[in-house]
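Biologist: I have the sequence and the model open, and I'd like to go through some of the side-chain packing with you. Could you take my questions one at a time?

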Amino acid sequence: MFTSWRQAMLWLHSVLGLGLAGLLFVVFFMGSLALYDRELDRWMLPQTRLPTPSSQVSLDRQVLPVAEHLGAGQMLEQWYVELPSNRVPLLRLQTWDLQAQGQSRFVEPGTGRVLAAAGSRGGDFFYRFHYTLHLEAGRLGLLLVGLASMAGLLTIVAGLLIHARLFKDFFSFRPDQALRRLLDLHNLSGVFALPFLLGILLSGLVILFPLYLPAALLATYQEQAGRFETEARAAFARPAAGQPGRLASLDAMAAQARSIWQGGEPAFVRVWHPGDARAYVEIGRSLADRLSLDAETLYFDGASGHLLHQAILKPAASAYSLLAGLHVAHFRQPLLRGLYFLAGMSGCLMLASGLLYWSEKHRARLPQGRTALCLVETLAAGLIGGLPLATLAMLVANRVLAEAVAERASWEVIVFFTAWLGAALHAAFGVYRSAGQRAPWRKQCAAIALLALAALLLNSLSTGAHPLRALAEGQCAVAGVDGALLLTALLAACIGKRLRQIQAPALTPGRLEDA
Amino acid sequence: MPKARKLRAGLFSSGEGPVTRISQGATRSGAPGLHWRLAGLRKTAPARGAYLLAVLAGSYGLVWTLTAGAAVLLSRLGLERSEAVIASSLLGFVLYPTVALALFAAHRPLRAWGLVAGLGAMLLLARHLPGAN
């Protein structure tokens with residue numbers, strides 16, 4: 001079938017890479033944005049731009065009354081509160097009734113004021129998009145992401161095996177030759193973030209292994225698959241008594257937790273069967289100072305406050321928590337988070353340059369393969385230009401839509417997909433109209449630059465918080481997002497200007513140089 | 001030198017012997033023979049694509065069986081069920097790319113597939129022996 005194993009790997013790399021580059025680009029782009037989901041929350045939800053509380057939050061005085069007020073008149077299965085951190089200056093309170101109907105509210109820690117329901121999904125949209133692709137029905141998005149991730153692993157390993165001269169190729173960059181420039185960029189960006197790319201793909205698959213590879217679970221637990229999670233997490237559970245009971249001091253339980261954790265801070269508190277005689281309280285440790293997702297959860301008796309159970313993970317479960325923690329990046333270190341972001345963007349660059357290299361290589365063979373070239377060029381433009389464009393359009397809509405608009409959060413999502421579709425159609429039109437089947441890159445760069453500037457200005461006009469003022473007020477998250485918008489605008493403008501300077505070769509007289 | 005070149009050309013090819021005028025499949029009438037036509041078909045994109053899909057599916061099937069077998073074996077050896085599930089699943093994700101790439105680039109695909117099928121059958125048989133679960 002192939003004349004050598006290297007040819008086999010090259011074919012595999014090309015086919016899988018081309019086939020799934022689109023999906024992987026979306027996953028990596030959204031995943032990179034999701035690293036700053038909390039910062040995007042501050043930007044997109046101006047009512048949450050509050051200073052970090054200077055003192056510890058009292059669960060008994062500041063949280064319990066609000067939880068009881070929110071759950072008044074309902075039989076609750078549980079209520080859950082996420083405590084403030086340096087990235088989230090608010091309490092997030094969630095309640096679930098016995099029919100699993102939930103509600104979620106932000107609460108101002110100092111005053112206990114319940115903020116109005118958020119009119120935006122904030123950074124959570126990008127976080128969920130990166131692993132569900134907004135395709136919830138039948139877990140289709142999850143399955144596609146899993147397929148793309150495994151194909152990505154195969155593609156990267158095949159790509160490594162192709163390059164016998166790995167280090168020589170890594171240090172090669174020939175900017176004077178267009179085709180070689182793209183291939184060198186592809187190699188450079190891939191090798192630069194290689195450990196990250198392999199680790200993030202593998203850990204992403206491992207997190208959802210019960211969905212992607214449930215063989216072991218089905219073989220060992222058979223009809224008791226629901227018990228796996230409880231056993232793996234070393235969790236505690238007990239049913240309600242059906243009789244009323246009072247809740248002991250949550251602050252005392254939190255103090256006991258700090259003592260057991262030797263200085264660790266609580267991140268969340270969950271009260272199961274509130275108001276029942278057999279209520280129990282789950283307190284999890286903050287993950288800001290660790291890579292693993294192991295929250296060393298403690299379970300207290302609700303009525304007496306005595307410690308019932310401490311979740312201590314076994315070795316394999318600890319390894320799983322570490323891998324999952326490496327992926328979801330809950331740690332606090334801003335430099336490490338920044339490196340993750342750069343590596344994620346490097347992954348996007350690797351995928352984009354791979355698509356563009358394929359396009360340029362096949363453009364030389366025109367008129368053969370015109371349809372395939374048009375499709376790939378449209379896909380490339382729809383992703384490389386379209387996805388950032390759609391993201392920026394969503395941020396602009398976030399600042400433009402009035403607070404009183406019904407289903408405001410849904411309207412932002414509609415704007416996102418409309419902008420993306422519009423960019424893709426514009427790209428398709430440009431590609432088919434252009435003599436060399438080239439995408440309208442300059443126009444898309446211009447649109448990105450304009451939208452980024454618009455989002456920055458609208459934030460300043462609508463909230464009064466321009467970047468310098470945000471910094472002065474200690475709103476580093478808002479200043480950071482504004483700074484990123486400014487950088488995006490500058491980068492897009494520079495790329496657009498550079499593209500204008502590059503003369504496309506005129507193959508015949510009178511042919512258009514660009515769409 | 002010509003002999004070595006022919007031997008290299010034989011690796012990863014359709015398994016034909018040294019190329020001679022007769023083995024190229026030229027019939028007495030001069031038309032290309034069936035063997036030569038089949039060799040050409042194997043190199044087409046649809047054939048390679050179909051083989052890739054078969055490799056991806058077959059590798060998944062083998063890793064599925066391996067993972068299930070490993071989990072059952074580990075739990076029978078005394079490891080807690082949840083630990084056995086997590087350990088064998090992690091192993092499965094590491095094995096899958098290895099198996100898929102090895103199968104795809106195998107020098108002798110028939111032998112490789114035979115190994116895969118045999119291993120899978122043995123594991124399935126072992127799991128269904130009395131007292132296996």
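Biologist: How many residues apart in helix H17 of chain A are Phe416(A) and Trp420(A), and what separation in helical turns is that?

Modeller: They are 4 residues apart in H17(A) (residues 408-433), and therefore about one helical turn separates Phe416(A) from Trp420(A); helices here are DSSP runs of H or I with at least four residues, numbered from the N terminus. Before we go on, this is a predicted model, in which local features need pLDDT of at least 70 and side-chain atom pairs count only at pLDDT 80 or more, while totals for chains, interfaces and linings use all residues. Residues are numbered from 1 along each chain as its sequence is written, chains are lettered from A in the order in which they are written, and side-chain values use heavy atoms, with hydrogens and water left out.

Biologist: What kind of aromatic pair do Phe416(A) and Trp420(A) form?

Modeller: Their pair is edge-to-face, at 5.8 Å centre to centre with 65° between the planes. Rings of Phe, Tyr and Trp (its six-membered ring) pair if their centres lie within 6.5 Å, and planes under 30 degrees apart count as stacked, over 60 as edge-to-face and the rest as tilted.

Biologist: Are those two buried or exposed?

Modeller: Phe416(A) and Trp420(A) are both buried, where buried means under 20% relative accessible area, exposed over 50% and partly exposed in between, with a 1.4 Å probe and protein chains only. They also belong to one aromatic cluster with Phe125(A), Phe126(A), Phe129(A) and Phe417(A).

Biologist: Switching to helix packing, at what angle do H4(A) and H5(A) pack?

Modeller: H4(A) (residues 124-132) and H5(A) (residues 140-162) pack at about 65°, with axes 7 Å apart, the axes being lines fitted to C-alpha atoms over the stretch in contact and the angles running from 0 to 180 degrees between N-to-C directions. The two helices are therefore roughly perpendicular to each other, a label for 65 to 115 degrees, whereas under 35 is roughly parallel, over 145 roughly antiparallel and the rest oblique.

Biologist: And which residues does Phe209(A) touch, leaving aside its neighbours within four places in sequence?

Modeller: Phe209(A) is in contact with Pro214(A), Phe228(A) and Tyr320(A), and also with Val85(B), Ile86(B), Ser89(B) and Phe93(B), contact meaning heavy atoms within 4.5 Å. Phe209(A) lies in H9(A) (residues 209-212), and Phe209(A) counts as buried because its relative accessibility is 3%.
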